[in-house]
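Please walk me through this structure, one feature at a time. I would like the general idea before each case.

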Amino acid sequence: MSWFYKLLGLKNVPTDDEKVLDAEIEAKTSDTLLNIPFYVKWPLILLGLFLAFYILYLAQSTLKPLAFGILLAIVLNPVYNRLLLWGWPKFLALISCLLLALGVLFGLAYFLYSQIASFWQMQEEFAEGLEEVSEKLRSWLNENLGLDVPELSEFDFKSEAANYMHYLGDALSMTSTVLFSLFLMMVYTMFVLSYKPLLLNFIYEVTDNKYSEKVKKSVNEVKVAIQSYMVGLIIEMVLITAILYGVYLLLGIKHALLLAFIAAVLNFIPYIGSAIAMFFPIFIYLITGDGSMSTIIWIVVLYNVVQAIDKYVIVPTVVASKVKLNAFFTVLAVFLGGSIWGLSGMFLSIPFMGVMKLIFDQIPSMRPYGKVLGDDTSPENLSIDHRHTRVLRKKT
């Protein structure tokens, strides 16, 4: 990926073995937070987390567009820097970046709208297919397991499908709220890009002059790593969508592009997201296809092959290798984000947790938190591993 960041005017992402802060800074920071008694430190941390989540919940109407604006600014920053290096005026570079982002967002919105509208037009076909599948399932349970499942003829699948489509139409009709949030997001993005030098200068000036150079180096490395991580996530999602789209087309599954896009988004949620994403094409195929068991097996096999390609090829190549998140905390962050901000919180939780890990890894006193968010269990990364190894050797 070095060619990609050189094209955008960035340096290569720093390697894992680079040390940003020396022992002098580590000793200074360890005299503050780490030496506080645990019975004082942990209640303060829990109280701070509670207040932070409470404020996030109360101010979500303002903070959600701000969070999306910051993420968008991080993604657009390489493009903005490249335009400035080409001699573009600052205002023109800002407007061009915002227009580029709006074009991509409106294109994505049009794609989703067209696909959902296609689903809407096929509601009768889906209802008939669902009724047929349920009848086959009832017959199989009665014949093979001896379960007397009542007939579902009284359940009107068509009317229920129409009701769900009505709810979907109500959700799509909330255009004024969406457009206002989009406007706020663009404003925040413009402000973050425009005042980025002031924000960075603030960090430098509040730091002791003795450590200003080291802090400057650390901030620059975190900034480049965050940019590479965010851009890498987008490239990963595009690649997964393209591969799965080809697979679903090959298997003759309807709405292949929408299903591939949903799978690419859910792919960010470990285990749970992958299982849900694999269920959708099987469900659509059972309703709209001939229900061949061999095709269902091929769906499962090829989907897991794509997952293996993503894990062992795409992620190490495209996404920054140092930002490998722990599956447990990833799932926990998704559900916490959903409980606070709904669907927006679920989407924002993973990239922001990746950003937090990158920042924690650069601060000596916070590195244990960065480690626990990651998934590196190698002996070199764990202080306790060598002692456990010696104990096991003695027992054997």
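Predicted model: local features only at pLDDT ≥ 70, side-chain atom pairs only at ≥ 80, totals over all residues.

Q: How many helices and strands does the protein have?
A: Helices (H or I, at least four residues) and strands (E, at least two) are DSSP runs, numbered from the N terminus. The protein has 17 helices and zero strands.

Q: What percentage of the residues is buried?
A: Buried means under 20% relative accessible area, exposed means over 50%, and partly exposed is in between (1.4 Å probe, protein chains only). Of the 396 residues in the protein, 37% are buried.

Q: What share of the contacts joins residues 24 or more positions apart?
A: Contact means heavy atoms within 4.5 Å. Among contacts in the protein with a separation of 6 or more, residues 24 or more positions apart account for 71%.

Q: How do the axes of H11 and H12 cross?
A: Two packed helices are described by the angle between their axes and the distance between the axes. Axes are lines fitted to C-alpha atoms, for helices over the stretch in contact, and angles run from 0 to 180 degrees between N-to-C directions. Helix H11 (residues 256–266) and helix H12 (residues 272–288) have axes that come within 8 Å and cross at roughly 165°. Angles under 35 degrees count as roughly parallel, over 145 as roughly antiparallel, 65 to 115 as roughly perpendicular and the rest as oblique. H11 and H12 are therefore roughly antiparallel to each other.

Q: What is the handedness of the H11 and H12 crossing, and which residues meet?
A: A crossing is left-handed if the near helix is turned anticlockwise from the far one by less than a right angle, and right-handed if clockwise. H11 passes H12 in a right-handed crossing. From H11, Leu 259, Ile 262, Ala 263 and Leu 266 take part; their partners in H12 include Ile 276, Phe 280 and Ile 284. By class, this contact has nine nonpolar, two polar and no charged residues. Ala, Val, Leu, Ile, Met, Phe, Trp, Tyr, Cys and Pro count as nonpolar, Asp, Glu, Lys and Arg as charged, and the others, Gly among them, as polar.

Q: How are H14 and H15 placed relative to each other?
A: The axes of helix H14 (residues 327–341) and helix H15 (residues 343–362) come within 7 Å and cross at roughly 140°. H14 and H15 are therefore oblique to each other, and their crossing is right-handed.

Q: What does Met 346 touch?
A: Met 346 lies in helix H15 and is partly exposed, with a relative accessible area of 32%. Leaving aside neighbours within four places in sequence, Met 346 is in contact with Val 334, Gly 337 and Gly 338.

Q: Is Trp 341 buried or exposed, and what does Trp 341 touch?
A: Trp 341, in helix H14, counts as buried at 12% relative accessibility. Not counting residues up to four places away in sequence, Trp 341 touches Leu 56, Tyr 57, Gln 60, Leu 63, Lys 64, Ala 67 and Leu 348. Trp 341 and Leu 63 are 278 residues apart in sequence and 9.6 Å apart in space, C-alpha to C-alpha.

Q: Which residues of H9 are buried, and which are exposed?
A: An α-helix has 3.6 residues a turn, so residues three or four places apart point the same way. In helix H9 (residues 196–205), the buried residues are Lys 196, Leu 200 and Tyr 204. They cover an arc of only 70° around the axis (taken from the directions from the helix axis to the C-beta atoms), which puts them on the same side of H9. Leu 198, Phe 202 and Glu 205 are exposed on the other side of H9.

Q: What is the phi of His 255, and where does His 255 lie?
A: Most residues other than glycine have a negative phi. His 255 has a positive phi of about 55° although it is not a glycine. His 255 lies in the loop between helix H10 (212–250) and H11, and is buried, with a relative accessible area of 12%.

Notes
Residues numbered from 1 in each chain as written. Heavy atoms only, no water.
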